Amino acid sequence: MSLITHHEVPIPGTYMFDGRAAMKGYALNKMCYSFNNAENRAEFKNDEDAYCTKYGLNDEQRKAIHERNVLAMIHAGGCIYYLAKFAGIFGLNVQEIGAQQTGMTLEAFRQKLKDQGE
Amino acid sequence: MARVVGGLTTSHIPAIGNAVPREKELANDPYWKPFFAAYPPARAWLQKMNPDVAVVIYNDHGLNFFLDKMPTFAIGAAARYENADEGWGIPKTPPYQGDPELSWHIIESLVADEFDITSCQEMLVDHGFTVPMSLFWPGNSYGGIKTVPVCINTVQHPLPSPLRCFKLGQAIGRAIESYPKDLKVVVLGTGGMSHQLDGERAGFINKKFDLLCLDKLVNEPEFLTKYSIHELVREAGAQGAEFILWLAMRGVLHGHVTKIHSSYHIAVSNTATGLLVLENAA
């Protein structure tokens with residue numbers, strides 16, 4: 001075991017939200033954190049583009065938000081704990097987000113979860 | 001002197017926060033039945049022990065803390081803690097009573113013990129704290145219990161190692177047992193077990209590893225402190241790293257404990273759920 005994790009063998013399909021990701025995703029995560037507040041959620045729904053501009057999102061982040069693409073948000077520095085608040089605006093739960101990221105139907109994703117209990 | 005009577009660990013999945021007010025009507029629901037059926041023995045044990053204080057070791061998921069300031073170890077020192085809107089519609093729970101005098105004693109003792117703590121005189125508590133309180137005190141009947149929230153960072157890597165969290169728990173245990181008031185204290189460790197919400201590996205669950213953790217945590221927690229965070233993420237999933245909160249709970253207890261009850265179920269939401277009740281050696 002080493003003290004510093006930068007050179008660990010990557011875990012496929014897994015993203016450590018480290019300092020590098022935190023720098024890259026700050027604006028996106030800050031916007032999603034604002035969705036704890038119902039007025040902010042309403043303001044976003046009313047004019048998404050204006051809200052993204054207010055928080056200073058870059059083009060990559062805006063595109064990911066526009067397309068509701070969770071993997072693209074993660075690549076743009078998003079942290080799942082804040083992204084979940086964005087997903088909440090659209091009533092998406094973590095199983096629906098999981099299905100989207102793994103390219104599975106919701107039913108197949110649920111079955112996969114269940115099968116791991118066998 | 002204050003005494004740690006035992007500890008409980010439970011998953012804190014937000015979906016449970018929605019289900020728990022409807023526990024009675026879900027008693028025969030095929031999805032929820034195996035989950036809720038695990039809790040009556042834990043509640044019975046708590047009733048028997050009748051604790052005065054619950055020290056709740058949990059993680060904040062972006063309600064109280066944002067990335068602008070992210071403490072590794074934060075401890076509440078307020079007379080009262082509130083829950084608030086987390087953005088996805090779990091019902092808000094009634095407020096929690098604090099014990100600022102005990103909180104400050106623990107903070108002072110931890111800093112003297114070389115743990116650098118962020119003290120919080122205002123602190124919102126999220127589902128990591130509230131869901132276990134609702135599960136263990138049905139109908140949110142926790143009004144008579146004082147609480148001390150202990151929040152460990154699991155959001156922003158680097159996270160504190162399993163060993164560090166276990167040692168933090170040991171230091172909390174020493175702090176509590178040097179408190180001059182005659183109090184019975186129970187300690188909660190929340191979160192887990194294996195789960196991953198993000199990335200192409202979303203939906204990952206590792207039953208074999210979870211069962212190993214449930215077993216070793218009772219009598220051989222040192223075995224689990226040998227994992228790095230990276231190894232824990234590999235074995236338990238990105239959010240399965242919340243297991244450090246369970247290890248911190250175990251650190252608070254003495255070396256010898258009695259296992260009162262345990263349960264394991266796959267899955268609620270994306271998560272393997274686990275429950276463990278440990279009584280501390282006198």
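These legends go with several close-up views of a predicted model. Residues are numbered from 1 along each chain as its sequence is written, chains are lettered from A and ligands numbered from 1 in the order in which they are written. Because the model is predicted, local features need pLDDT of at least 70 and side-chain atom pairs count only at pLDDT 80 or more, while totals for chains, interfaces and linings use all residues; side-chain values use heavy atoms, with hydrogens and water left out.

**View 1. Helix H3 of chain B and its buried face.** Helix H3 covers residues 40-49 of chain B; helices (H or I, at least four residues) and strands (E, at least two) are DSSP runs numbered from the N terminus. Its buried residues are B:Ala42, B:Arg43, B:Trp45, B:Leu46 and B:Met49, where buried means under 20% relative accessible area, exposed over 50% and partly exposed in between (1.4 Å probe, protein chains only). Looking down the axis of H3(B), these buried residues fall within an arc of 160°, so they line one face of the helix; the arc is that of the directions from the helix axis to the C-beta atoms. Over on the other side of H3(B), B:Gln47 and B:Lys48 are exposed. The cover over the buried residues includes strand E1 (3-10), helix H5 (127-136) and strands E8 (184-190), E9 (257-268) and E10 (271-280) of chain B. Just after H3(B) comes B:Asn50, with a positive phi of about 45°.

**View 2. B:His261 in strand E9 of chain B.** B:His261 counts as buried, at 15% relative accessibility. Its side chain reaches the backbone oxygen of B:Ala38 at 2.7 Å. Leaving out residues up to four places away in sequence, B:His261 touches B:Ala38, B:Pro41, B:Ala42, B:Leu275, B:Leu276 and B:Val277 (contact means heavy atoms within 4.5 Å).

**View 3. Helices H2 and H7 of chain A, packed together.** H2 (residues 26-33) and H7 (residues 80-89) of chain A pack at an angle of about 50°, with their axes 8 Å apart. Axes are lines fitted to C-alpha atoms, for helices over the stretch in contact, and angles run from 0 to 180 degrees between N-to-C directions. That makes H2(A) oblique to H7(A): angles under 35 degrees count as roughly parallel, over 145 as roughly antiparallel, 65 to 115 as roughly perpendicular and the rest as oblique. Their crossing is left-handed, meaning that the near helix is turned anticlockwise from the far one by less than a right angle; clockwise would be right-handed. A:Leu28, A:Asn29, A:Cys32 and A:Tyr33 of H2(A) meet A:Tyr82, A:Leu83, A:Lys85 and A:Phe86 of H7(A).

**View 4. Helices H7 and H10 of chain B.** The axes of H7 (residues 207-219) and H10 (residues 243-252) of chain B come within 10 Å and cross at roughly 20°. H7(B) is therefore roughly parallel to H10(B), and the crossing is right-handed. B:Cys213, B:Leu214, B:Leu217 and B:Val218 of H7(B) make the contact with B:Phe243, B:Trp246, B:Leu247 and B:Arg250 of H10(B).

View 5. Most residues other than glycine have a negative phi, and most peptide bonds are trans.

Notes:
A polar contact is a pair of N or O atoms within 3.5 Å; within protein, one must be able to donate a hydrogen and the other to accept it, and residues adjacent in sequence count only if both atoms are side-chain atoms.
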